[in-house]
Amino acid sequence: MRPWSDYTRTTEFQIDNEKVALTVSVGQTAETNNTENRGAYDLGKMYTFFQFSFENAQEFEKIEKYYIIAKKIVAILTFQNNVCFEEVYLSQRNSEQKYFKTGTCKIFDPYENYSIRQWHKVIPIFSVFDCIPNLVNGIINGKADSLLELLPEDNKMVNRISINNVQDLCTALEVSYHLDDKRKREKDVLIEELKKNIKNTIAEFAKKHEEIDVNKETTMSSAFRYLDYTLKQKILTLYNENSDVVNAIVSKYSLPSINENSIASFVKLRNNKTHSGIVEWKESADIYVPLLAIVYASFLKYIELPNEVIKSTLLQIF
C-alpha cells in the first residue's frame with residue numbers, strides 16, 4: 001500500500017471571501033467477508049473523492065453553490081456536463097481532527113444518463129492541480145460558461161454536432177478572444193486608436209456643422225460603438241496563438257488545415273443559419289474539433305497552465 005501523501009493533494013482558494021481547502025484523494029469502500037465464496041475477503045472498491053473544508057461553519061443554502069463548482073470542475077476535466085458523484089455528504093471534524101459523516105445530500109439533475117467516458121480520455125486532475133484556484137475563480141467569474149455550454153449533456157450527443165453547437169462555438173471563440181481582461185494585443189491597441197480618431201473626427205465635424213446634431217439625428221454613435229475585428233479575424237488570431245496544439249490535432253485525425261478560408265466557411269455556416277435558416281455543412285463541420293480545441297487551449301492558458309502541459313493534455317482528450 002502506498003502512503004496517503006502519494007495520492008493526496010490539497011490546495012486553497014477563496015469563495016465569497018471564505019477560505020476553502022480542496023482535498024483530492026482516493027478512498028475505499030468497506031471490506032466484507034464473502035461467505036458465499038469459501039470465506040473469501042472482499043477488499044471493497046476504490047474511488048476518488050473531492051473534499052471541501054472550511055475554517056468556519058457554512059449555511060445549508062451554500063451547499064448547492066459548492067456542489068455546482070465541484071461539478072463544473074469535473075465537467076471541464078472530463079469533457080462532458082452529464083457527470084455525477086456517487087455520493088455527496090456533509091461531515092464534521094471531532095476533537096481528534098477526524099471527519100465523521102453528519103448528513104447525506106440528495107442531488108436532482110436534468111440528465112437522462114451520465115458520462116461513461118474512460119479514464120484515458122479525460123484530463124488528469126493532478127496535471128492541472130496547481131491551477132485549480134485559477135480554475136475555480138474562472139468558474140465563479142463566469143469565464144468558463146461559454147466552454148461549458150459546448151460540452152455534451154447526453155451520451156447520445158458525444159461525437160455529434162448540431163448547428164446549435166456551431167453557433168455556441170462561435171460565441172465561445174468570441175469570448176475566448178477577450179478572455180483575459182488584462183491582455184492587450186497589438187491589433188487591439190490599433191482598434192482603440194482607430195475609435196479615438198473617429199471620435200475626434202466626429203467632434204470636429206459637429207463643431208463646423210451645428211445645423212445637424214450628429215449624435216441625435218444620425219446613427220453615427222451606435223455605428224462605431226461596437227467597432228471591432230471580425231469573428232473570422234479573431235479566430236485566425238486565436239489559431240496563430242495556439243497553432244502548435246491545433247495542428248497536432250489536425251494531423252492526428254487528418255482533418256482539413258485551419259486557414260483564413262476554412263475559418264471563413266465555418267463562420268459563414270453560422271451566419272447562413274442565423275440570417276436565412278439554411279445549413280450547408282460541406283467541409284465546415286470537419287474543423288469543429290480543432291476550433292473547439294482552441295477554446296479549451298485559451299481557457300487553460302487563462303488559468304495559467306503551462307503551454308507544454310496544455311498540448312499534451314489536449315492531445316489526450318481530443
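Is F85 buried, exposed or partly exposed? F85 is partly exposed, with a relative accessible area of 28%; buried means under 20%, exposed over 50%, and partly exposed lies in between (1.4 Å probe, protein chains only).

1. Basis. This is a predicted model, in which local features need pLDDT of at least 70 and side-chain atom pairs count only at pLDDT 80 or more, while totals for chains, interfaces and linings use all residues. Residues are numbered from 1 along each chain as its sequence is written, and side-chain values use heavy atoms, with hydrogens and water left out.

2. Cysteines. A disulfide is a pair of cysteine sulfur atoms within 2.5 Å, and the count here is zero. The sulfur of C84 has its closest cysteine sulfur in C105, 14 Å away, which is too far for a bond. C84 is partly exposed at 41% relative accessible area, whereas C105 is buried at 16%.

3. Aromatic pairs. A pair of aromatic rings is described by the distance of the centres and the angle of the planes. Rings of Phe, Tyr and Trp (its six-membered ring) pair if their centres lie within 6.5 Å; planes under 30 degrees apart count as stacked, over 60 as edge-to-face and the rest as tilted. The structure holds 14 such pairs. One of them joins W4 and Y7, edge-to-face, with 6.1 Å between centres and 70° between planes. Both residues are partly exposed, W4 at 49% and Y7 at 23%.

4. A pair across the chain. F50 and F85 have ring centres 6.3 Å apart and planes at 50°, so this pair is tilted. F50 belongs to strand β5 (residues 46–54), while F85 is in the loop between α1 (63–78) and β6 (88–93), and the two are 35 residues apart. Helices (H or I, at least four residues) and strands (E, at least two) are DSSP runs, numbered from the N terminus. F50 is partly exposed, at 23%.

5. Cluster and charges. Ring pairs also link W4, Y7, Y47 and F49 into a cluster. A charge sits over a ring if NZ of Lys or CZ of Arg is within 6 Å of the ring centre and within 35 degrees of the ring normal. The charged end of R9 sits over the ring of F126, 5.8 Å from its centre. K101 lies over the face of Y89, at 4.7 Å from the ring centre.

6. The sheet. Three strands form an open sheet in the order β1-β2-β5, with antiparallel pairing; two strands pair if DSSP finds at least two bridges between them. β1 and β5 are at the edges with a single partner strand each, so one side of each has no neighbour in the sheet. On average, neighbouring strands are turned by 25° against each other, direction ignored. Nine bridges join β2 to β5, and A21 has S53 in β5 as its bridge partner.

7. Helices on the sheet. α1 packs on the sheet and touches β1 and β5, its direction making about 135° with that of β5. α2 touches β1 and β2, at about 35° to the direction of β1. Contact means heavy atoms within 4.5 Å; axes are lines fitted to C-alpha atoms, for helices over the stretch in contact, and angles run from 0 to 180 degrees between N-to-C directions.

8. Helix α2. The buried residues of α2 (residues 132–140) are I132, P133, L135, V136, G138 and I139. They pack against β1 (9–15), β2 (18–28), α1 and α11 (288–302). Just after α2, G142 has a positive phi of about 80°.
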